[in-house]
Amino acid sequence: MLATTSTIPGFSPLPPTSYELPSTPFPSTTTAAPTDAIEASVFPSVFTITPQNGFLPTADPLVSLPAEYKVLDEILEEMPLEKRDGSAGLLKDGKFGGVVDSESVRKEGERWEKAVTAERDVRVLTALFRDLTFAASAYLLEPCDLSFRLTKDYGYGRPLLPRQIAVPLHIVSTKLGAKPFMEYAQSYALYNYMKRDASKGLEYENLDLIRRFSGCQDERGFVVTHVTMVAHSGNQVSSILSALDAAAQNSRSDFTQALKRLLSTMETINAEMETMWTKSRPGGYTHFRTFIMGTKNQPMFPHGVVYEGVSPTPTFYRGESGANDSIIPSLDNFLEVTRYMPQNPLTEILRDFRSYRPGDHRQWVAWLERRASEVGVRDYALQDAESAVLYLSLLDQTRAFRHRHWNFTKEYILKHSSHPTATGGSPIVSWLPNQLKTVLEQMENVAQRVEGMEMPGSTRLILEELAERATTQRRVLEREVLRMRGEVEAGRFEGAELRQ
């Protein structure tokens, strides 16, 4: 049995649950991962991780803001390129910035500062973080969207975020222990869905977006598919905790069963991810991609962004990215893949991404990396043929996830833009292959290590199939990346070959 604990240092108390958490304490937020001096949240989190909700919020996102923020609510409803009624919104003709800069909104900003300073409801604070980051990104990147629609070049963004957005956002983000910029979980995706029918679940057909940039169905499909994937993360958390406990207690049968449950969950998540192709068309991604860009490592913000009323020092933040999701980092750390990542700038980006997520997620990912190493998950799995092939199959699920993400990158981005940097500020051509290649190499290494073990014929067939897949895909990936890098260095890479 896992030891019972009612509270975990650095975590808010969990809601009643029949599942017991591990006795090993989670780390504090400030030591969980590189956070660029982010302070720990002074409030309980809506992103407390349990085997029930996984990485989703513990309660459905707050859809509407309280009355004192009515003007902000109204502005955001008027903001999208296409509003809910089908008419053109403020971003369509570049009118959003003018509205934000108006005297009336500046006066509202003074009231917002006082209101957010007094606010203590964590659901309201998280909804405010979502909405203020939407307003900030729309304001800063509106010129880039206009430029891209006209010239296919992003031009330059606005270098200053006005006080009426900057100061309330700074206050809210400080309370939540977050960076004052749009992120995947607390902004664009995991706290941005609403149920069409409150009595139903998190099925795709029952979900819509609270805030939108483009307003198109491709944007809804893009975000909601991420939500429906993460809806299965509770099973991932539960299976990982069971496997860790079983390995620590040398219970081979319990460990094997936990790996089987985890494998089934990852297969479900990958199947859900595959539906992205039909729910969000590749050609529609550019309609909203501009607005989820960051200010770090982006040519649109060569001097960063100053937050008026906060500090005269320019800021640089990564943009929203699916790389901020905790599903794959959790699997990486559980399988002890992270320690095999090459020591290079691309891996440093991977670790930096960990700071762009809720504090509870940062704590979990960091704790899991340490705990898996302490227990010795990899070595324990490879001592038994059945466990070893299950471990290899889980590596294959990581491979499938990353390979699909790489295919998305080629189809959704490289065919439609020559911009060399992803929304999160990573180099498009080399960043994803950095992680994917590591997984493929580890699959080959594991297969070689266990090929001499005795195992049933059916299990050996799985082993051989996975080993061959890894070797073939690694060779293809290396040739592909080498070609693309050569084109980039020669100044010839514009996705032209992919567009044919």
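Valine 305 sits opposite threonine 315 of strand 5. In this predicted model, local features need pLDDT of at least 70 and side-chain atom pairs count only at pLDDT 80 or more, while totals for chains, interfaces and linings use all residues. Residues are numbered from 1 along each chain as its sequence is written, and side-chain values use heavy atoms, with hydrogens and water left out.

The strands around this pair come first. Strand 4 (residues 305-307) and strand 5 run antiparallel and are joined by two bridges; strands pair if DSSP finds at least two bridges between them. Helices and strands here are DSSP runs numbered from the N terminus, with at least four residues of H or I for a helix and at least two of E for a strand. In the hairpin that these two strands make, three residues lie between the strands, and glycine 309 takes a positive phi near 85 degrees. An open sheet of three strands, in the order 1-4-5, shows mixed pairing. Strand 1 (160-161) and strand 5 (311-315) are at the edges with a single partner strand each, so one side of each has no neighbour in the sheet.

Back to threonine 315, which belongs to strand 5. Threonine 315 counts as buried at 16% relative accessibility, where buried means under 20% relative accessible area, exposed means over 50%, and partly exposed is in between (1.4 Å probe, protein chains only). With neighbours within four places in sequence set aside, threonine 315 is in contact with Thr295, Gly304, Val305 and Tyr307; contact means heavy atoms within 4.5 Å.

Now for the helices. Aspartate 121 caps the N-terminal end of helix 5, with a side-chain oxygen 2.9 Å from the backbone nitrogen of arginine 123. Such a polar contact is a pair of N or O atoms within 3.5 Å; within protein, one must be able to donate a hydrogen and the other to accept it, and residues adjacent in sequence count only if both atoms are side-chain atoms. The 30 residues of helix 5 should span 44 Å at 1.5 Å a residue, and the end C-alpha atoms are 42 Å apart, which agrees. That expected span is 1.5 Å times one less than the number of residues in the helix. Helix 5 also has a kink of about 55 degrees at leucine 141, shortly before proline 143; the bend at a residue is the angle between axes fitted to the seven residues ending there and the seven starting there. Lysine 152 follows helix 5 and has a positive phi near 65 degrees. Helix 8 (residues 217-230) is mostly covered too, with 13 of its 14 residues buried. From first C-alpha to last, helix 8 reaches 20 Å, close to the 20 Å expected.

What about the inside of the chain? The largest nonpolar core holds 147 residues, and Phe96, Leu161, Phe213, Phe334 and Trp364 touch the most other members. A nonpolar core is a set of buried Ala, Val, Leu, Ile, Met, Phe, Trp, Tyr and Cys residues joined through side-chain atoms within 4.5 Å. Helix 5 (residues 122-151) gives this core its largest share, 16 residues. Not counting residues up to four places away in sequence, phenylalanine 96 touches Ile75, Met79, Leu90, Leu91, Ala135, Ala138, Tyr139 and Glu142.

A few loop residues are worth a look. Most residues other than glycine have a negative phi. Asparagine 297 has a positive phi near 60 degrees, lies in the loop between helix 12 (286-289) and strand 4, and is partly exposed at 44% relative accessible area. Glutamate 336 also has a positive phi near 60 degrees. The loop between helix 13 (327-334) and helix 14 (345-353) holds glutamate 336, which is buried at 7%. Proline 51, in the loop between helix 1 (29-32) and helix 2 (70-78), is buried at 14%. Proline 51 and serine 238 are 187 residues apart in sequence but 5.0 Å apart in space, C-alpha to C-alpha.

Over the chain, the secondary structure comes to 20 helices and five strands, and buried residues make up 60% of the 500 residues. Among contacts between residues at least 6 apart in sequence, 76% join residues at least 24 apart.
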